[in-house]
Amino acid sequence: MSMTQQWYQAPFHPPHLQFCLISSISLALYTAFFSPKPLALRFPTPKRNNPQPETRLDTGPTNIAHILMGIGGSAATWNDRVRYSSLWWDTKKTRGFVWLDKMPKNKNNRKSEISEPPYRLSSPDWTRFRFSSSRSAVRIARIISDSFKSRLPNVRWFVMGDDGTVYFTDNLVSVLAKYDHNRMWYIGGNSESVEQDLMHAYDMAFGGGGFAISYPLAEKLVNILDGCLDRYYYFYGSDQRIWACISEIGVPLTLERGFHQVRV
């Protein structure tokens with residue numbers, strides 16, 4: 001046989017070598033395309049000594065437990081004006097605080113069965129703000145900030161009022177339940193005094209009648225409140241300052257006649 005014929009002649013492979021070659025190729029193809037992904041190693045999660053309970057989102061209808069009351073008062077007058085709050089406050093259902101400038105005196109002189117909101121002291125840094133008329137108006141305006149920072153769970157609405165404001169809580173719940181608490185709402189009423197409406201604004205919620213702010217608006221308001229109070233230091237009342245700050249956010253007053261202020 002010539003050299004050329006030997007070059008093109010197919011080489012001879014024993015049968016067992018052919019079988020091994022085919023098996024190797026099949027194994028390579030199966031590994032590349034059909035092999036399952038490697039299992040990840042799983043290590044046991046270490047247990048915490050003090051596990052925190054999960055916070056569940058309350059999606060039910062609005063009730064009195066979803067409302068946080070913020071009452072503006074002072075230590076000098078609280079022992080007398082507490083009787084207004086005792087008319088509507090329910091210690092088993094109502095949530096909130098009366099915010100005072102300092103510790104009240106002679107609390108032990110009151111009857112023990114009287115129903116009254118617990119009190120807290122306002123943040124001490126309120127004295128650093130500028131003012132031209134009522135210095136306490138700054139402190140009372142910051143009740144919304146102090147209430148928000150209390151971080152109570154499942155709060156949908158912050159309701160602000162004076163220590164002389166009387167609420168019908170069932171009616172309050174019925175009114176607020178009409179609104180989507182996930183949106184920004186500023187709800188209240190103007191004064192029944194035309195003179196006061198002319199002096200301030202017809203689209204301002206008066207604090208004497210109380211007003212409500214939804215949680216998303218409160219969250220937005222708290223972030224700008226301190227700077228806003230510095231800009232409007234020349235305003236008289238706390239409700240007027242809150243109105244000005246909310247106006248900067250762009251949320252108008254939603255008028256509800258149930259919030260009304262009577263000047264007597």
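Modeller: Please bear in mind that this is a predicted model. Let us begin with strand β4, of whose six residues five are buried, so the rest of the structure largely encloses this strand.

Colleague: Which strands are joined to β4 by bridges, and how do they run?

Modeller: Strand β1 is joined to β4 by six bridges, and the two run parallel. Strand β6 (residues 211-214) is joined to β4 (residues 157-162) by four bridges, and here the strands run antiparallel. Two strands pair if at least two bridges are found between them; with six bridges, β1 and β4 meet that condition, and with four, so do β4 and β6.

Colleague: Which residues are bridge partners in these strands?

Modeller: F158 of β4 is the bridge partner of L68, and F158 also has I213 in β6 as a bridge partner. W157 stands opposite S214 in β6.

Colleague: In what order do the seven strands of the open sheet lie?

Modeller: The order is β3-β2-β1-β4-β6-β5-β7, with mixed pairing. Strands β3 (119-121) and β7 (254-255) each have a single partner strand, so they stand at the edges and one side of each has no neighbour in the sheet.

Colleague: What packs on the sheet at β4, β5 and β6?

Modeller: Helix α8 (residues 215-231) does, touching those three strands, and its direction makes about 85° with that of β6. Helix α6 (residues 169-176) lies across β1 (67-72), β4, β5 (186-188) and β6, and runs at about 120° to β1.

Colleague: How do α8 and α9 pack, and what makes the contact?

Modeller: Helix α9 (residues 238-249) and α8 have their axes 9 Å apart and pack at an angle of about 115°. Their crossing is right-handed. On the side of α8 the contact residues include L217, L221, I224 and L225; on the side of α9 they include I242, A244, C245 and I246.

Colleague: Why is the pair of W88 and Y167 called edge-to-face?

Modeller: Rings pair if their centres lie within 6.5 Å, and planes over 60 degrees apart count as edge-to-face. The ring centres of W88 and Y167 are 5.0 Å apart and the planes stand at 75°, so the pair is edge-to-face. By this rule the count comes to 12 aromatic pairs.

Colleague: What does the pair of W88 and Y167 tie together?

Modeller: W88 lies in the loop between α3 (78-86) and β2 (95-100), while Y167 lies in the loop between β4 and α6, so the pair ties together parts that are 79 residues apart in sequence.

Colleague: How do you know whether W88 and Y167 are buried or exposed?

Modeller: Buried means under 20% relative accessible area. W88 has 8%, so W88 counts as buried; Y167 has 7%, so Y167 counts as buried.

Colleague: What makes Y233 and Y234 an aromatic pair, and of what kind?

Modeller: Their centres are 5.5 Å apart and the angle between the planes is 85°, which is an edge-to-face arrangement. At 24% relative accessible area Y233 is partly exposed, and Y234, at 44%, is partly exposed. Y232, Y233, Y234 and F235 form one aromatic cluster.

Colleague: What lies over the face of F97?

Modeller: R120 does, at 3.9 Å from the ring centre; the cut-off for the distance is 6 Å. R120 is also among the residues that L100 touches, together with W78, Y119 and L121.

Colleague: Where is L100, and is it buried or exposed?

Modeller: L100 is in strand β2. Its relative accessibility is 0%, so L100 counts as buried. L100 and I71 are 8.9 Å apart in space, C-alpha to C-alpha, and 29 residues apart in sequence.

Colleague: What sets R151 and N154 apart for comment?

Modeller: R151 is not a glycine, yet has a positive phi of about 60°; N154, also not a glycine, has a positive phi of about 55°. R151 lies in the loop between α5 (143-148) and β4, and N154 is placed in the loop between α5 and β4.

Conventions. Residues are numbered from 1 along each chain as its sequence is written. This is a predicted model: local features need pLDDT of at least 70, side-chain atom pairs count only at pLDDT 80 or more; totals for chains, interfaces and linings use all residues. Side-chain values use heavy atoms; hydrogens and water are left out. Contact means heavy atoms within 4.5 Å. Axes are lines fitted to C-alpha atoms, for helices over the stretch in contact, and angles run from 0 to 180 degrees between N-to-C directions. Rings of Phe, Tyr and Trp (its six-membered ring) pair if their centres lie within 6.5 Å; planes under 30 degrees apart count as stacked, over 60 as edge-to-face and the rest as tilted. Buried means under 20% relative accessible area, exposed over 50%, partly exposed in between (1.4 Å probe, protein chains only). A charge sits over a ring if NZ of Lys or CZ of Arg is within 6 Å of the ring centre and within 35 degrees of the ring normal. A crossing is left-handed if the near helix is turned anticlockwise from the far one by less than a right angle, and right-handed if clockwise. Lists of a residue's contacts leave out its neighbours within four places in sequence.
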